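Open the structure in your viewer and keep the sequence panel beside it. This tour goes from one selection to the next and says what is there.

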Amino acid sequence: MRIVVASGKGGTGKTLVATGLALVASETAPTALLDADVEAPNAALFLHPTFHHQHAVEVLTPVIDEALCTHCGRCAEVCAFHAIASLPDRTLVFEEMCHGCGSCTLNCPEGAISEVPHAIGMIHAGQAGAVAFAEGELQIGEAMATPIIHGLSRYAEAEGWAEREWFIVDSPPGTACPVIETLREADVALLVTEPTPFGLHDLRLAVNLARDVLQVPVGIVLNKDDGLDPSVEEYCEAEGLPILMRIPYRREIAESYSQGRPLVVALPEYREGFEALLKKAAALRKPVAAASGGAA
Amino acid sequence: MKVVVSSSGPGLDSEVSPIFGRCPYFVLVDTETNDAKTIVNPAISASGGAGVQSSQMLIREGAEAVIGMNVGPNAMQVFVAAGIPVYQATGGTVQQAVEALRAGTLPLLSGPTVSTDHGKGAAGGRGMGGGRGMGMGRRG
C-alpha cells in the first residue's frame, strides 16, 4: 500500500517518520521508499543508500525558428506562464518558466516552433539495506518540481515498487502542485504536525487538501509533543482525525537526527511505535470497493 | 522619444514605482511634447512571468527607453533583446524622472537590480506558490 507522509508545515518531521516507517517495515515485508521532496531530498542522509541508477527528467521546451517566425505574437498570447516574449523582430523563450504544455507549438500559424527536451532534474535510485530507495532532485534554478515527482513515481511503478507491501513516499511540505502529485495516488496520508499555532494552521490546509479535495484517508502523527499546546489535539478531536502516533519533544531525538541516525536505530524504544503506526495506517485504508470495481 | 516609467499611479505627478513587472501603472511619456499616456499594468497579479508580460507589452506600445527603480532579470533580458535602454531612477515623480533623463543624469542599467519575483509581495495580495507545476494526466 502507498503511504504518503506529508505535512503542510515544513520541518515537522516527515523524513523522520518516513525513514522510521521504511526501516521497520522492511524487516518483515518488501518495502520501498521514495523521497519526493525534490527541492531538498534528504532521506538519503539517514538511510545511506547505494545508488545504482540515475536518469534525467526532461520537459519539452519550445525553440523558435527565426527564419519562419513572423513575430505575430500568437505563442506569447497563448502561453499561460508568460514564458515567451514576442518582440517586433525577435521571440524570446524563458525556459525555466515553461511548463512544457505545448500550446505555443500547437498554435503557431507558421510552424516555426519545435520542441526540445530540457533537463530539469534527476532521479537517483538504489538500495538502502532491505529498502528499495529512490529520490528526485530538482536542478537549482528550475521552478517545476511536479514533473520530477511524476517521473519518480513512474520509475518506481516500472520497477514494481508500487506493488510492494509497503510503498512509502516522503512528500514535500506545503499544499501546492508537488504535494498534490504525491498525494493523489495515496492509499493513506500520514500528516505529520507539531503542537504549535504554525503546525495547526498548516495542518488544516493539509487536511483540507488530502481528505477533502483528494479524498484520501488521513491519519495524524503528532511530533515534538510537549503537551503544552492542546490546540492541534482539539482540532483533531473536533474533525474526527485519528492521532496515530505521538513522538515526544526530546533532546535525544534531535541529537540523533542531527547526526543522521534514523530514530529507530538510535533510539530503538521507538520501534514499537512505528510498527503500530504501520498497522494503524493500513487499517485506515479504504476498503477496496468490490462493488464499484473502480480501482485501476 | 517615447520613454516608459514604472509608476505608483496614473499621470506625470505620480511617484515612480520601486518595482517593475508588477507595478500598478506605466506612464508612457513623449520626451519632446511631454504628452503622457497611462497604461494600467495587466501583469500586476500574474502568478509568474510578470516581467516578461509587462516588458513585451511596453515594447509593443512603442517604448524606446525605460525608467524604473528596480528591474528584474526577465524584464531586463527582454529590453536588452529589443535594444531598449533601461535607466534607473532613485525616486521622485514620473515628471522628475523624465526631466532627469533629459538632463542626462539617470544612470543606464546594464543588468537586473533585483532577483525574479522581487515585486510579488509588494504588489498586494498573496502571490506566492500559485500556479506552479504542470497538470499531469492520471495514471490509466
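**First stop: a residue at a strand**

Select Gln88(B): with 17 C-beta neighbours inside 10 Å, Gln88(B) counts as partly exposed, because a residue is called buried at 20 or more such neighbours and exposed at 12 or fewer. Bear in mind that this is a predicted model. Gln88(B) belongs to strand 5 of chain B.

Now show what surrounds the residue. Setting aside neighbours within four places in sequence, Gln88(B) is in contact with Gly68(B), Met69(B), Leu106(B), Pro107(B), Leu109(B) and Thr113(B).

Select the strands of chain B next. In what order do the 5 strands of the open sheet lie? The order is 3-2-1-4-5, and the pairing is mixed. Look at the edges: strand 3 (36–40) and strand 5 (86–88) of chain B each have a single partner strand, so one side of each has no neighbour in the sheet. From one strand to the next, the twist averages 25°.

Zoom in on strand 2 and strand 3 of chain B. They pair in the antiparallel sense, over 5 bridges. Pick Phe26(B) here: its bridge partner in strand 3 of chain B is Ile39(B).

**An enclosed helix in chain B**

Select residues 50–60 of chain B, which form helix 1. Is this helix enclosed or open? Of the 11 residues of helix 1 of chain B, 9 are buried, so the helix is largely enclosed by the rest of the structure. Colour the buried ones: Ala50(B), Gly51(B), Val52(B), Gln53(B), Ser54(B), Ser55(B), Gln56(B), Leu58(B) and Ile59(B).

What covers the buried residues of helix 1 of chain B? The cover includes parts of both chains. From chain A, show helix 3 (74–78) and strand 4 (84–87). From chain B, show strand 1 (2–7), strand 2 (25–30) and helix 2 (73–82).

Step past the end of the helix. Gly62(B) follows helix 1 of chain B and has a positive phi, near 100°.

**Two helices side by side**

The crossing of helix 1 and helix 2 of chain B is right-handed.

Show the side chains at the contact. Helix 1 of chain B brings Gly51(B), Val52(B), Ser54(B), Ser55(B), Gln56(B) and Ile59(B). Helix 2 of chain B brings Asn74(B), Ala75(B), Val78(B), Phe79(B) and Ala82(B). Of the residues in this contact, 6 are nonpolar, 5 are polar and none is charged.

**Over to chain A**

Zoom out to chain A. The C-alpha atoms of chain A fill a box of roughly 70 × 45 × 45 Å along the principal axes. Chain A has 11 helices and 11 strands. Of its 296 residues, 50% are buried.

Select strand 1 (residues 2–6) of chain A. Here 5 of the 5 residues are buried. Both faces are covered, with Arg2(A), Val4(A) and Ala6(A) on one side and Ile3(A) and Val5(A) on the other.

Strand 8 (residues 166–170) of chain A pairs with strand 1 of chain A in the parallel sense, over 4 bridges. Ile3(A) stands opposite Ile168(A) there. Strand 9 (residues 188–193) of chain A also pairs with strand 1 of chain A in the parallel sense, over 4 bridges. Val5(A) has Leu190(A) of strand 9 as its bridge partner.

**Last stop: two histidines**

Select His48(A), in the loop between helix 2 (44–47) and strand 3 (50–64) of chain A. His48(A) is not a glycine, although its phi is positive, about 45°. With 11 C-beta neighbours inside 10 Å, His48(A) counts as exposed.

Finish at His82(A), in the loop between helix 3 and strand 4 of chain A. The phi of His82(A) is also positive, near 50°. His82(A) is buried, with 23 other C-beta atoms within 10 Å.

Methods. Residues numbered from 1 in each chain as written. Chains lettered and ligands numbered in written order. Predicted model: local features only at pLDDT ≥ 70, side-chain atom pairs only at ≥ 80, totals over all residues. Contact = placed C-beta atoms within 7 Å. Pairing = 2+ DSSP bridges. Axes fitted to C-alpha atoms, helices over the stretch in contact; angles between N-to-C directions. Left-handed = near helix turned anticlockwise from the far one by under 90°. Nonpolar A, V, L, I, M, F, W, Y, C, P; charged D, E, K, R; others polar.
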